[in-house]
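Have a look at the sequence and the 3D view first.

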Amino acid sequence: MIHAANGRYDDHLTHARSALVTLDNCSTPDVFQEAFAIANLAHLVRDFDLPNDAKWLISRVDSVAWSSEVSRSKFRTVKPLGWCPALQGDNFSALRWFRIATETASCSPERIKTAVDRALIARELGPTAMLSEELDFANGLADSFDWNNTVDDLRSVLLDLAQIASTVTPARARGYLDRYTTIRRGMDMTVAARLEDRVRAEESHTHGLVLRAEGRLAESTDRLTTAFWTWEQINYQWRAGGAALELAELNVGDVFRLAVRRELKRRPDSLFSSRARLVA
């Protein structure tokens, strides 16, 4: 966690792997610790796009003695695993994992997360009816949820929701982003997520998408550029590629078009490859 707070995610990954190995070699099994360690590793496997680690984690999912006491760790495991096949072009498996995550979810923010992911797939693949239905479902849950009284890291769901809503209803997207910003100001400064580079990049990316939807292109470019370089610095390559794609569509520099080409070479069949080929 200290490495993560300092933006040293490569070291964070090394320790996340080691933690799970240590638990596997322990003579006294502890399902709670195992589930927590698996979930932590799953997020890093998604963000670094590590197919071999993803296969290994997928093989472990059915072997864990999941229970209601570790349901949140199960959700935090299966949801990011949905992104692993999506980045390789296997959208059927991605949707399947997101469906499992929906069935595992224990609160509205978690259900919103999976609806947003499915809506994002729908947006990239083209079935507008699915996009509208998933977004309508997520909007309904968000409007009825008390965001001021939930675990701090779950409030980041508002960023996810603002991003996908910006493609359909910019005014609603702005509302979600403003709500998140207001809540963030009230967070305890000791909350680790407030310190992390990846969180700041996600915030900048969301601001950039909402500003783009509002037609404020200069401001959008500034925020998306910040997101791009932050993700580049911490080696979150496919996320940097996502910001570069937005910037290439805005035609604001060859450096971003080159980054899109680089991403296409690495992940030619990813969920975002069709859009990327249009600007590469």
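## Cysteines and helices

There are zero disulfides in the structure, a disulfide being a pair of cysteine sulfur atoms within 2.5 Å. This is a predicted model, where local features need pLDDT of at least 70, side-chain atom pairs count only at pLDDT 80 or more, and totals for chains, interfaces and linings use all residues. Residues are numbered from 1 along each chain as its sequence is written, and side-chain values use heavy atoms, with hydrogens and water left out.

Cys 26 is partly exposed, at 42% relative accessible area, while Cys 84 is buried, at 8% relative accessibility. Here buried means under 20% relative accessible area, exposed means over 50%, and partly exposed is in between (1.4 Å probe, protein chains only).

Now for the helices, which are DSSP runs (H or I, at least four residues) numbered from the N terminus. How many of the nine residues of helix α9 are buried? Nine of the nine in α9 (residues 157-165) are, so the helix is largely enclosed by the rest of the structure. Among them are Val 157, Asp 160 and Gln 163.

Next, some helix pairs. Axes are lines fitted to C-alpha atoms, for helices over the stretch in contact, and angles run from 0 to 180 degrees between N-to-C directions.

| Helix pair | Angle | Axis distance |
|---|---|---|
| α3 (residues 31-48) and α5 (residues 71-86) | about 20° | 8 Å |
| α11 (residues 197-213) and α13 (residues 237-249) | about 25° | 11 Å |
| α11 and α12 (residues 217-233) | roughly 155° | within 8 Å |

So α3 and α5 are roughly parallel, where roughly parallel means an angle under 35 degrees and roughly antiparallel means over 145. Cys 84 turns up again here, as one of the α5 residues that meet α3. Contact means heavy atoms within 4.5 Å. The residues of this α3 and α5 contact divide into nine nonpolar, four polar and three charged. In this scheme, Ala, Val, Leu, Ile, Met, Phe, Trp, Tyr, Cys and Pro count as nonpolar, Asp, Glu, Lys and Arg as charged, and the others, Gly among them, as polar.

Helix α11 has two partners to look at. In α11, Glu 202, His 205, Leu 209 and Arg 212 meet α13 residues including Arg 239 and Glu 246. That contact has two nonpolar, two polar and five charged residues. With α12, helix α11 is roughly antiparallel. The α11 side of that contact includes Asp 197 and Leu 211, and the α12 side includes Leu 217 and Trp 231. By class, the α11 and α12 contact holds seven nonpolar, seven polar and six charged residues.

Terms used: Helices (H or I, at least four residues) and strands (E, at least two) are DSSP runs, numbered from the N terminus. Angles under 35 degrees count as roughly parallel, over 145 as roughly antiparallel, 65 to 115 as roughly perpendicular and the rest as oblique.
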